[in-house]
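These are my notebook entries on the structure shown below. I begin with the parts of one chain and end with how the copies are related.

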Number of protein chains: 2
Amino acid sequence: MSAKDHPLLPFFDPQSVAVIGASSDADKLGGRVIRFMLKAGYRGKIFPINRKAGNVQGLRCYASLADVPQQVDQAVIIVPASAAQEALQACIDHGIKHVQILSSGFAEEDDIGRQRQETLARMAREHGVRLIGPNCLGIVSVPNRYFATFSTALEALSPQPGGISFATQSGAFGSCAYAQAIQRGLGIARIVATGNEADVDVAQCIDFLASDPETRVICGAIEGCRSGDVLRRALLRASAAGKAVVLMKVGTSSRGQLAAATHTGAIAGNDRVFDTVVRECGAWRARTIEEMLDIAYLCTQLPAPRNSSAGILTVSGGIGVLMTDDAERHGIAIPGIPAPLQDQVHDLVPFAIGDNPLDTTAQISAIPGGIAGLARLMLAQTEWSTLCIYLAQIPCDERRFPPLLEDLGKLRAEYPDRLIVLVGPHSERMRVALEEQGMVIFSDPGRAIAALGAACAMAERRNCLHDTLRDKDTVRGIRQASGRALPALPDAPLDEFQAKQILARYGLPVLAERLCTCAEDAVLAAQEIGFPVVAKIVSPEIRHKTEIGGVMLNLADAGAVREAYATLQARARAHDEKATLSGVLISPMIEPGTETILGVHMDPLFGPMIMFGMGGISVELFEDVAFASAPLTERRAYQLIESIKGYKLLKGWRGQPALDTGLLVKALIGLSELACDWREALVSIDVNPFVLKHDTAVCLDALIVTRKPPAALASRDTACMATSSC
Amino acid sequence: MSAKDHPLLPFFDPQSVAVIGASSDADKLGGRVIRFMLKAGYRGKIFPINRKAGNVQGLRCYASLADVPQQVDQAVIIVPASAAQEALQACIDHGIKHVQILSSGFAEEDDIGRQRQETLARMAREHGVRLIGPNCLGIVSVPNRYFATFSTALEALSPQPGGISFATQSGAFGSCAYAQAIQRGLGIARIVATGNEADVDVAQCIDFLASDPETRVICGAIEGCRSGDVLRRALLRASAAGKAVVLMKVGTSSRGQLAAATHTGAIAGNDRVFDTVVRECGAWRARTIEEMLDIAYLCTQLPAPRNSSAGILTVSGGIGVLMTDDAERHGIAIPGIPAPLQDQVHDLVPFAIGDNPLDTTAQISAIPGGIAGLARLMLAQTEWSTLCIYLAQIPCDERRFPPLLEDLGKLRAEYPDRLIVLVGPHSERMRVALEEQGMVIFSDPGRAIAALGAACAMAERRNCLHDTLRDKDTVRGIRQASGRALPALPDAPLDEFQAKQILARYGLPVLAERLCTCAEDAVLAAQEIGFPVVAKIVSPEIRHKTEIGGVMLNLADAGAVREAYATLQARARAHDEKATLSGVLISPMIEPGTETILGVHMDPLFGPMIMFGMGGISVELFEDVAFASAPLTERRAYQLIESIKGYKLLKGWRGQPALDTGLLVKALIGLSELACDWREALVSIDVNPFVLKHDTAVCLDALIVTRKPPAALASRDTACMATSSC
C-alpha cells in the first residue's frame, strides 16, 4: 500500500482541523493544542470549536461544528469525558472520518469510563470513522507543522525536521523519548501516542510509518498489543521498505509472571517470544531509550550496512583497540586489510600502526589530508560496509576540523554505498555540518559501535527475511495440498500415550509401545516387545512421573513386569488418589543417546511458537533454547537448531560422530504443522526428551496441554488463514 | 598512608615547576604546556628552560636549570628523546625528585628508544627520583590549576573543579575520557596519563588517588599492568576509603589469545581474572567510557548506597515501569511499600497509582509540593538507600521547576543518608542547581538505573571486603602455624598419579589406587582393591586419556585386568610412541555422582586464582565457572560455590538430597594452599571431575601443569609473603 492510500495518512496530513473544546486560555489543554499549532506554523486551517464562540487565540471560534462553513479533514476532541460522545456525534454528522480524542476519563479510570470508551468505539465503527485515543497525547507531524498535542515536552523543545518517527502507546513514554531526541538535535518526522487504543493501535501506526516517505526510521514502544499478526505485518512491511524499526517493550520484569505447565511455556513467558518475533521480522529490540535513539540516529543515514564488516581508523591507538573490543561484543567483524593496501597505507603514512584498527598516530597532523587519504584507501580496497573513524578532539578544533570536513565530504560522495561513522567530542555545529554531508558522529566510541552493531544485525535479519517469506509460501502450499485430517480431540486432558499418538500422526518418531490396563496384558505386551522393557504409569494428571517413581526401567522378565504393574498403580494412588489412571505403558528399553527438547508454546498474541533446546541442565539451568514462529520452514528449522550454544553437542562433541540434524528438522516441522492445525485448542507441548542416536531419533516422553475444556477445533482452512500473515 | 605523606603527591601539588624544552611558540609541545598553565592560572611558579634563554610567553626563561636561583619541586621534560638523559641529569643535579618526561621516542618506538628509557629509569632509581613517562600526556591537577600537559583536549575544553580523577596509561584514552567528562560538565580533580611507565604506573596513581582528599571517585584505564599486587592494594585502599573505582581494561577481544593447557587456564585467559580481582577489591569494571562517566557522576554525590533497595517515584507510569524493568536487570530491589505508607500516600495524593513504582500521574501539577511530599513519605517510612524520581519535562519548565528544586533541596537536607537520583530532560543550569543541592540528574532513565546498579554493587562488594580481609588474616595465621613441608617436585612433568599424591597432601580426597608397571602387579593391585576395577594409562604426556581409549572400566577379573594392561600399553604407544609411560593405574570402580571441576590458574599478574564449576557441559559449553583469588577463606569458598548457576545442582536438584558443600569448601581451600605454596612452580591445575556423592567426595582425575623445566620451589615463608598483599 502506498502512503497516500494508507487509511491512517489523513491523521498525519490533514488540510484542516477542528479543535473541539478549544480554549482562549493558552495554558489549558484545549488552548495549548491551538497554541502549539500556531507556534509551529501549521500549514492547514484550524477551526476552534467552543460553545462560547467568539475568538480563540486570534482565530474565529465556532459554537458548534455544524457552524463551520466547509468540510473539515480531522477533529481533535478535548472536552470532558462525559461530553465526548456528543462531540464525536457532531464529527460524524459533519462527515469527519478521522478523529483524535485527547480527553481522559475512559477505560484507564473506571467502569463508567470503560463503557463510555466502548460507546465511542462502536459509534466510530458504525460510521466508518477512525479514532486515535481516547486518553492520548495526540500527533505531531513535523513536515506540515501539524502539532496536535498538549505534550508539555513541546513547551521548551521544538523538533527539527528529519527522518525519525515515534509510535508509542503511552504518551509519557513517547514524550520522554522524543524530548530526549529533540534535546540531542535528532530530526523528526511523525510522533503519535495512541493512548487507550479504542481503535488505532501502535502496530497500525507502525504499518502507516512503514509506507510513509517522510519516515526513514521507526521508534516504537509497546505495552500491550492487540494483534500479533498486525504487528508482524507492520514490521515486515517496514523491513521490506528497508526501514529500521527499533522497538521497546515496557513491563518485562519478573513480578507477576505466572508459572506455566510446561518448560516451553515457562521459558517462553519471560518475553523471549517478543524477542523472537522482533528478530524474525528484521527489527531491533532496544533496552533503553538512549539505545533506541542512538540506533535511530545512525540509521537515518543511508545506506544500511550490506554486511557486518567494518574498518576502524583512529588517530589514537587506545581508542581503536577499545572499539575493536566493542565490535567483537556487538557482532561486527573487523577483518585484517589486504597486503597491497598495507603497502599503500605505509607509502602514504609511514608511521601508521597496525592494519585494522589502523592507527594514524597523533603525528597525522603533519600530513594534510592524511586522515581522509587513509580512509579512501580503506574504502577503495575493501568491501566493508562501514568505516568508523575516531577523530579524538579534532572536531572541537576550529582550525583543524574545516579542511577535514571538506575531505570527508568528498570521500562520502565518492562512496555513497558505504556508511561513515565518526567518533569524537564535537560541537553542535560540527555535528550538523557532518550530518549535512551524510555522516553521523558520536561522542562515545562504545555507543557508536553498539548502534552500528544493531544496524548490521537488522540488515542481516532483513536479508534472511526475504528468503524466509518465500520459503513460508512454499511450505503453506505443501501443507494445504496434504489434506491431512485433524485427529479427533478427546474431551479430557491428554495422557502421554495419546500425546505420542498425535505426534506420530505428524511424523514424529515414537517407540513401538503399548498401553495396558491389566498386569497380564502388560506381560503379554512385554513378551511381544521383547525383554527387557520399561513400564510407566500413564495418567493425564501425573505430569512428572519420574519424581513419584512412576517409571521403572530394565524389567527383565514376566514376573518383574507383573510386579512393576502393581507397584506403579500403588505409587500413582499414593501420589494422587483421584488421578485418572489410563493404564501402564510398556515400552522397549533403549540405549541412552543425546537428549533434546522440542516444544510448542501457543502465545496468546503471536500464535504458535516452536522451541528447541538440548535436554537436561542446558534448558533447566541455562535456558539455552531458541524459539521460532510457526509455520516453520526447513531453513528456519536449521537456523533454530544452530542458534543455541548446545548445537556443538550435535556436531561431533569431543570426537564423537555428528548426529543427524535432519531428523530434528523433520520433527520440528511436524510439530510446527501440528501447532498450526491445533492453534485454537493448544496451550503447549513438551517433547522431552527427544533422543538422537546415530541415525535414529525418538520421542521418549511427551506432554500436550490443551485448553480446558478443549475448544472445538478450528477447521484446517481457518488455521491456515490465521497463520498466513506470519 | 595519608595524602600528604604519599610519595606521588608532589607530582600533583608542586609549588614550582621547571619546563625543560620550553618554547616561545605557544603551539609547539614545549610552548603549549606553558600556555595551558598560564591560561589555567597555575598557582605555583613556572621556570621555562631553553638554551636560548630570554623570555617565553612573558616568563623569564633560563638557559639551564643550573641558572634557576631557587629549589624547584618538579620538572617537566619536553625535549627530543636524544636529549632527555642530559635533561634528567640536570634535574638530578638540581635536586628535583619528581620528573615528568612527556617526550616520545622511547620504548614505544624501537630498541634504541627502549635502551634510552632503561637508562632514564636506572638514573632515576639510583638518585631517588620518581618519574612519570616517558611518552606520556602528563598531569592535570584542577585544585591548584596545575595543567602540565599538552593534550589538545584542553584547547577547546576547560575542566570544572570536582571530585572525579582519572588515571590512565594511554594519553589518547585518557583524553577521550576526560574530554567527554568536561563536555558533560563533570567536576574533575586530577588527571594523569602514565605513558610508557618507566617508573610510576597507573596502579600507583590509583593508590595515590585513594588517599587524595580532592578525589571522590577514581576512573582508571588499564592496558598492561606490572604488578597485580600493587593494583590490588591500591583498589583495596580506595575501597577502604569509601571511594568508588571504575576501571576499564583495553584489549579484551579474542584475537591473539593463546590456547591453554587446561580448562581452567583457557577460561581464565578470557579476562575473567581481571573481573574477579576488580570485584573482590570492591571496584567496578565498565565496558564503555560513557558507562564509566555515568557511574563516576552518580558516585560523586554522597552517601554511597548502604543497600540495594530503591524507591521509584514517577510523574508518568510508563517510565516508572521501564525503570523497574531496568532495576531488575541491574540488581536493584524495588520493594513494595508498607501499608501505613500507602494510606498516607493516598491521603496526600488520592489519584496516585501503584506503590513502588509510585505514579503521581500528570495531575500532580494540581497539588503544589506534591512530588516532594510523596518523596518525603517514601523516605520517612522506608530504609531504602536511594530514591529515584522521574520528573518528565518539569526540569525544562522555567515556571514549575524552581519551586520543586527548593522542595527537593529541603528534602535532601532532611535525609543526608539517602541518595536522590533525578531523571528527566533538563537544561545545563538546572543540572548545576540540582548538583549544588547534592542531587544528580540523568536524561535517560536507563542510564540512571545502570549507574545506580553499579554504585549499589560496589557498596555491597565493599561490605564483603571488610569481612574477607579479616578472614584472610586468620587464614594466613593458620597456614603459617601449620608448618607443612612442601613436597619435592619431580624434575619431569607430573602424571596423574603424582598429581593426586600432591593433592592428597593438601587434604583433597583421592581413591585408594595403585600405579602398576607390569600386568601381574596390576592383577595383584586389583585383587587387593577388589573387583571390578578401573585401569587407566598413566603418562605425563597423555592429557586426554578418554579420547584415546586410555581408560577401561568395570574390569571384572584377573584376566580382564591382564588384557586391559596390554591394551592400554598398545593404545598409548599407538597414540604417541615417544610418550613416557609411568604405568597403569588400578582404581576401584565407583558409582556415578555429581561431577564438579576445581582448578587453579596461576595468573602471571594476579597470582594464583581458584576456579570452581560444575563438570561436563556446564563448563565446556556454558563456561559456568567462577574464580577467586588465593588464599581462599572459608567464607569466600562458599561464595565461590554459590556464585555459579550450577549451584542449584548441589542444593537438592529435582527432589534429590542436597550434597555436602562443606566437602567442596575443604577441597577448594586445600587447593588454594597448594597454589600459594607452589606459586613459583605452577602453571595450572584441573581436578576434573571432582565427584560428590551423598557425604563423600573424591578427585577422580587430576592434571597439574608446572613450568618447564620446573623452577626451584620458593620457601614457604617467601610464598606466604608473596601472597600477603592479596
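Entry 1, domains. I looked up the domain assignment of chain A in this predicted model. The assignment gives domain 1 (3-226), domain 2 (303-458), domain 3 (512-588) and domain 4 (594-723). I then took the centres of domain 1 and domain 2 of chain A over their C-alpha atoms and found that 43 Å separate them.

I recorded 25 helices and 29 strands in chain A. Along the principal axes, the C-alpha atoms of chain A fill a box of roughly 95 × 80 × 45 Å.

I listed 71 positive and 80 negative side chains in chain A. The centres of these two sets lie 4 Å apart.

Which rotation superposes chain A on chain B? I found a rotation of 180°, with 0.0 Å of shift along its axis and an RMSD of 0.1 Å. This is the relation of a two-fold axis. I also compared the interface residues: 100% of those in chain A are interface residues in chain B as well, so the copies meet through the same surface.

Terms used
Residues numbered from 1 in each chain as written. Chains lettered and ligands numbered in written order. Predicted model: local features only at pLDDT ≥ 70, side-chain atom pairs only at ≥ 80, totals over all residues. Heavy atoms only, no water. Domains from an automatic or database assignment. Helix = DSSP H or I, 4+ residues; strand = E, 2+ residues; numbered from the N terminus. Lys, Arg positive; Asp, Glu negative; His and termini not counted. Charge placed at Lys NZ, Arg CZ, Asp CG, Glu CD. Least-squares fit on C-alpha atoms with pLDDT ≥ 70 in both. Contact = heavy atoms within 4.5 Å.
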